[in-house]
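Subject: A structure for you to explore

Hi,

Here is the structure I promised to pass on. Please open it next to this email and follow along as you read.

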Amino acid sequence: MAFLEFKNVRIAGVSAGVPKNVASNLHPLDDDGVSSEYAPEAFVETTGVLERRISDKLTTSDLCYAAAEKLVDDLGWKKDEIEALVFVSQTADYILPATACILQDRLGLSKECYAEDVALGCSGWVYGLSNVASLLMSGTIKKALLLCGDAKKRAVGPRDPLFGHAGTATAVEFAEGAEGFRFHFGTDGSRYDAIITPDGGSRNQVSADSFKLEEIEGKKMHRMQTRMKGMDVFAFGISTAPMSVKKLAEHYGFDYHDCDYFVFHQANMKMNNMIVKLLKLDTERVPSCMYNFGNTSSASIPLTIVTQLKGKFENKPTKFICCGFGVGLSWGTVAFETNNIVISDLVEVDQMEDRKWI
């Protein structure tokens with residue numbers, strides 16, 4: 001069973017960047033992939049997503065860069081002290097090189113910085129946190145950045161009104177004596193096609209047919225866009241998230257009800273409400289940001305912390321359980337405690353023209 005524990009590591013701060021542009025699901029855009037039967041009020045009521053931040057120009061790395069710059073400044077960290085950078089996204093700048101390498105240079109970090117990409121979606125922040133914690137726990141590396149999110153599509157096509165764009169930065173540091181992180185992970189690759197972008201990889205290379213629109217679960221999309229088997233994913237989420245939280249608590253011998261906040265991946269309102277009910281949680285301890293930002297993939301957990309919890313917990317010991325679940329199908333749950341943490345103001349990004357691109 002995939003239980004992991006890393007001590008002597010703590011989260012020093014969290015930040016998030018989103019496009020300044022707001023799109024309302026009550027007034028869908030011309031390129032939103034909605035059917036002729038789309039009912040705006042019913043969609044908002046069902047999904048819990050009223051609006052989202054979107055941009056046709058900003059990439060995930062643009063948003064993560066803005067969030068990281070803000071957080072590093074708020075923390076007062078020196079950039080030459082940051083020795084590791086992990087970038088988690090399904091929307092990298094290029095097929096290669098790794099976007100983490102681009103961000104190392106763009107942020108002005110040392111050329112002796114460890115940098116890697118992780119190609120995960122909804123569970124990505126938890127997986128990325130475990131990667132960073134494993135690098136730091138020995139104390140050889142003292143400070144690291146975890147950058148997570150998804151934004152600009154890999155191919156032009158209709159948008160899905162459920163999903164928004166966001167990039168986040170989580171600052172993690174070595175701290176001798178810190179309780180650190182406790183993780184539970186799992187994977188069910190037999191259901192890999194429940195959430196999938198069929199074309200664009202080496203299995204199904206890009207062709208003219210890749211851009212032909214077809215009707216998928218009531219939405220117009222092509223094979224370079226991510227498609228989802230809605231009911232399969234719903235069943236997966238409401239069974240896996242509660243199971244993982246309970247297994248984590250049982251394995252490490254604590255009562256999960258004693259935690260102060262539970263932050264789940266912002267999938268959709270009905271799924272998350274069911275998870276809360278099955279775990280018998282107080283709703284005031286389960287913040288949500290999907291109403292204003294939609295499903296933001298690996299950014300959703302830190303984005304929720306920044307937008308819903310800033311000013312409520314920073315200077316006192318606070319226990320968290322966070323759980324991400326989705327594409328893979330994969331899941332990850334982490335328990336940790338914060339104290340004297342920096343939560344930056346939300347960064348709204350209008351445009352990003354700080355360098356030339358190929």
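Below is what was found in it, part by part.

This is a predicted model, in which local features need pLDDT of at least 70 and side-chain atom pairs count only at pLDDT 80 or more, while totals for chains, interfaces and linings use all residues. Residues are numbered from 1 along each chain as its sequence is written, and side-chain values use heavy atoms, leaving out hydrogens and water.

Let's begin with helix 1, residues 40–47. (Helices are DSSP runs of H or I with at least four residues, strands are runs of E with at least two, and both are numbered from the N terminus.) Pro40, Phe43, Val44 and Thr47 are buried here, whereas Glu41 and Glu45 on the other side are exposed. Buried means under 20% relative accessible area, exposed over 50%, and partly exposed in between, with a 1.4 Å probe and protein chains only. Why do the buried residues of helix 1 line one face? Seen down the helix axis, they fall within an arc of 95 degrees, so they line one face of helix 1; the arc is taken from the directions from the axis to the C-beta atoms. These buried residues pack against helix 6 (269–279) and helix 7 (290–293). After helix 1 comes Gly48, with a positive phi near 80 degrees.

Next, the largest nonpolar core has 45 residues, and Trp125, Leu129, Phe181, Phe320 and Val334 touch the most other members. Such a core is a set of buried Ala, Val, Leu, Ile, Met, Phe, Trp, Tyr and Cys residues joined through side-chain atoms within 4.5 Å. Helix 4 (residues 124–136) gives the most to this core, with eight residues. Another core, of 29 residues, lies apart from it and includes Phe3, Ala267, Ile275 and Leu329.

Look at Phe320 too: leaving aside neighbours within four places in sequence, its contacts (heavy atoms within 4.5 Å) include Cys259, Tyr261, Val334 and Phe336.

Finally, find Arg355, in the segment after strand 18 (347–349). Is Arg355 buried, partly exposed or exposed? Arg355 counts as partly exposed because its relative accessibility is 30%. Not counting residues up to four places away in sequence, Arg355 touches Ile102, Asp105 and Arg106. Arg355 and Arg106 are 249 residues apart along the chain, yet their C-alpha atoms are separated by 8.5 Å.

Enjoy exploring!
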